[in-house]
Amino acid sequence: MKKVLNSVTIIFAIVASANGLAQETCSVPAKSDGGFKFGVKAGINLSNVYDEEGNKNAEENYKNGKKVGSWKIFYQNGKVSKEVNYKDDQLNGPYKEFFDSGTRKIEGVMVNGEFDGKVTIYHPNGKIWQTGTYTSGLKEGRWKLFKEDETLEKEEIYHKGDLKSPVVE
């Protein structure tokens with residue numbers, strides 16, 4: 001048997017804040033079986049944040065006041081600055097950052113608010129600048145650093161975030 005929401009209220013509001021940002025919010029009460037209503041997951045607040053000129057600054061998701069799901073942060077030119085994911089108010093999942101030109105800047109994975117796993121950092125021209133691994137937010141193992149022309153500049157060895165030795169070849 002399918003549960004039905006007793007009441008669903010969708011509120012669209014634009015609220016000006018002291019810092020000149022406006023927020024458009026779509027709210028659906030958490031009182032549900034967790035299903036979808038009007039294409040929105042029940043109990044999650046979806047927000048779009050705008051500046052004074054009407055440019056979108058962010059797309060945000062909250063559940064019971066905590067940051068959840070995918071978020072996008074935008075540059076003034078409308079291009080995406082960051083694409084991140086939250087779980088229970090902490091960065092978790094794929095993390096992408098971009099230059100204002102739209103080219104990649106950083107790609108990695110966040111676990112409990114820290115980089116964990118392979119991370120790649122790019123030059124503004126889109127070529128790889130650095131690549132290596134993080135463990136619990138600290139650089140670990142061999143990191144390679146490249147020049148803008150893609151030639152290897154140097155390699156470094158890290159242990160728990162401390163540079164142990166540059167690799168000279």
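Of the 169 residues in the protein, 30% are buried. The model is a predicted one. Its secondary structure consists of 18 strands and zero helices. The accessible surface amounts to about 10600 Å², and carbon and sulfur atoms account for 52% of that area. When contacts between residues at least 6 apart in sequence are considered, 11% join residues at least 24 apart.

Strand pairing was examined around β14, which spans residues 117-122. E107 has T120 of β14 as its bridge partner. Strand β14 also runs antiparallel to β15 (residues 128-135), and six bridges join these two strands. Within this pair, G117 is bridged to Y134 of β15. The hairpin formed by β14 and β15 has five residues between the strands, and G126 adopts a positive phi near 95° there.

The largest nonpolar core contains 14 residues. Those that touch the most other members are V84, Y95, I106, F115, V119 and W143. At least two residues of this core come from each of β9 (80-87), β12, β14 and β16 (138-146). In soluble globular proteins, nonpolar side chains tend to be buried together.

The surroundings of Y95 were considered separately. With neighbours within four places in sequence set aside, Y95 contacts K82, E83 and V84, as well as I106, E107, G108, V109, M110 and F115. Among these contacts of Y95 are V84, I106 and F115, which are also listed with Y95 among the core residues touching the most other members.

Key. Residues are numbered from 1 along each chain as its sequence is written. This is a predicted model: local features need pLDDT of at least 70, side-chain atom pairs count only at pLDDT 80 or more; totals for chains, interfaces and linings use all residues. Side-chain values use heavy atoms; hydrogens and water are left out. Helices (H or I, at least four residues) and strands (E, at least two) are DSSP runs, numbered from the N terminus. Buried means under 20% relative accessible area, exposed over 50%, partly exposed in between (1.4 Å probe, protein chains only). Contact means heavy atoms within 4.5 Å. Accessible areas come from the Shrake-Rupley method with a 1.4 Å probe; for residues, only the protein chains shown count as cover. Two strands pair if DSSP finds at least two bridges between them. A nonpolar core is a set of buried Ala, Val, Leu, Ile, Met, Phe, Trp, Tyr and Cys residues joined through side-chain atoms within 4.5 Å.
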